[in-house]
Amino acid sequence: MYMIDLIQKKKQCLELTDSELTFLVQGITNETIPDYQITAWAMAVYFQGMTKRELIAFTKAMLNSGQTLDLKAVKGFKVDKHSTGGVGDKTSLVFAPVAASLGLKVCKMSGKGLGITGGTIDKLLAIPNFKTELSTAEFIATINKVGFSITGQTANLVPADKKLYALRDVSGTIDILELIAASVMSKKIALGTDLILLDVKCGTGAFAQDLAAARKLANLMIDIGQGFHKQVIVVISDMNRPLGRAIGNALELKEVVASLENQGPDDLKELVVNLTGLALAASNKKLTLAAAKNQVIKTFNSPKPLKLFYDFVVAQGGDLNYIKNLNKLPATKHILLVKANNEGYLDFNNIYFLGELSVLLGAGRIVKDDIIDPLAGIILKQVHGDQVKKNQVIMELHTNKEITREKEFQELALKTFTIKGEKPKLSKLILEIIM
Ligand code: URA
């Protein structure tokens, strides 16, 4: 078999066979196929797509490139929750303790953020000594003890994806919905939970820029789930606005703790109530979604989610004093104020730039090995739709970068919003639920 023939076939919109896809994935894993041929094939997928059969066979080959987990030792209904990535998206860190408070077992392996979207692991790494590289035994023990655990992906979980992702990242082939779906789902299926709960972000701050793309991505992942007899539920949520008011690792942790004290932003709570309600109803067929959501709302009023979050930090070696004293963290060298240049209504219309700004301030990575500044980020003092006066502070930029870059930061900040004479339409946060 020759890789050139597989590229030609895909270019001509022909279906690859199961053995061709296995050959491809083995070649990616063993590095026997050169990078330029792999990226040429990925680009052909961008133009020609994949059939459902191809997608399932490709995902299976990816899954088989490494080890899968056996979670039999975890008793109870096991849920894996995943977001396709957004700006200020700290949902998993609120979802997991809330869901665990209701008896669900949340088993989550997470990646680091790259590009404009932050990663859950990076937020956790802001906590001194927090361990994000658990062995399988430690992962299972933490889930059994606390009700949830979040760890980084083990090196041997879908190794083909790590190699392919690194190539896609430098060859303009990240935003290919079929490849995103197979990448995400191979890792979810390798984990082996009862439910895969997916939050597909839709908007200027996400891979799926509009509802049509988000629906397509959702359905591709549901198709893959069906191929593996896995229950998959997808929530499509709006990413034309940031989630909550904090962007950046320690700043988001503060918002997580506030949410677990039921004093967090409404949008984050709404998303968590929906996601947890769906998971709870899936775990118990006698429970309606409305009744499940009511239970979640009640749980927000109980001290249990915050206690479980503390237990999780301790179980994974993190410094609990840090979490309990987030308000006493030192400030960054500079806190720059971005002010309204006009009066009117605030319309955040480019969340991509907001994500990019947080990266420039030090909260994310431009290249894989960049070091993140846990204190850097953005606090939104006003949100989408708010009425503002001229010179009113819209956002604070927290950074330890050179002050000589202030002009660059301010210019980018001003590209994230406009101030309009009329109140902009606020779309629903939860756009669609597909199962
Ligand atoms: N997240 C993944 O895990 N894979 C992708 O391809 C994109 C986002």
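I took a pocket to be an open set of grid points, over the protein atoms alone, with protein on both sides within 12 Å along at least five of seven lines. The model I worked from is predicted.

**Entry 1: the second largest pocket**

I looked up the volume of the second largest pocket and found about 320 Å³ of space. I then asked how many residues line the second largest pocket. The count is 16, and R241, P265, D266, D267 and V383 are the ones that lie nearest the centre. Helix α12, residues 266–283, gives the most to this lining, with three residues. Sorted by class, the lining of the second largest pocket has seven charged, five nonpolar and four polar residues.

**Entry 2: the ligand**

Next I listed the residues that surround the ligand. They are Y165, R168, I180, S183, V184, K187 and F207. By class I noted four nonpolar residues in this shell, along with two charged and one polar.

The side chain of R168 has an N or O atom 2.9 Å from an oxygen atom of the ligand. For S183, I found an N or O atom of the side chain at 2.6 Å from a nitrogen atom of the ligand. K187 has a polar side-chain atom 2.5 Å from a ligand oxygen atom.

On its own the ligand has 240 Å² of accessible area, and the protein covers 89% of that. Which of them gives the largest share of the shell? I found that α9 does, with four residues.

**Entry 3: the sheet**

I turned to a sheet and wrote down its strand order. The sheet is open, has four strands in the order β6-β9-β11-β7, and is paired antiparallel. Which strands are at the edges? They are β6 (246–247) and β7 (334–339), each of which pairs on one side only. In general, the strands of a sheet pair through backbone hydrogen bonds, parallel or antiparallel.

I followed one pairing further. Strand β11, residues 393–399, pairs with β7 in the antiparallel sense, and I noted six bridges between them. Within β11, M395 is the residue that stands opposite V338.

Methods. Residues are numbered from 1 along each chain as its sequence is written. This is a predicted model: local features need pLDDT of at least 70, side-chain atom pairs count only at pLDDT 80 or more; totals for chains, interfaces and linings use all residues. Side-chain values use heavy atoms; hydrogens and water are left out. A residue is near a molecule or strand if one of its heavy atoms lies within 4 Å of it. A polar contact is a pair of N or O atoms within 3.5 Å; within protein, one must be able to donate a hydrogen and the other to accept it, and residues adjacent in sequence count only if both atoms are side-chain atoms. Accessible areas come from the Shrake-Rupley method with a 1.4 Å probe; for residues, only the protein chains shown count as cover. Helices (H or I, at least four residues) and strands (E, at least two) are DSSP runs, numbered from the N terminus. Ala, Val, Leu, Ile, Met, Phe, Trp, Tyr, Cys and Pro count as nonpolar, Asp, Glu, Lys and Arg as charged, and the others, Gly among them, as polar. Two strands pair if DSSP finds at least two bridges between them. On a 1 Å grid over the protein atoms alone, a cavity is a set of points where a 1.4 Å probe fits but cannot get out, and a pocket is an open set with protein on both sides within 12 Å along at least five of seven lines; lining residues have an atom within 4 Å of a point. Grid points are joined across faces, edges and corners, and a volume is the space filled by probe spheres set on the points.
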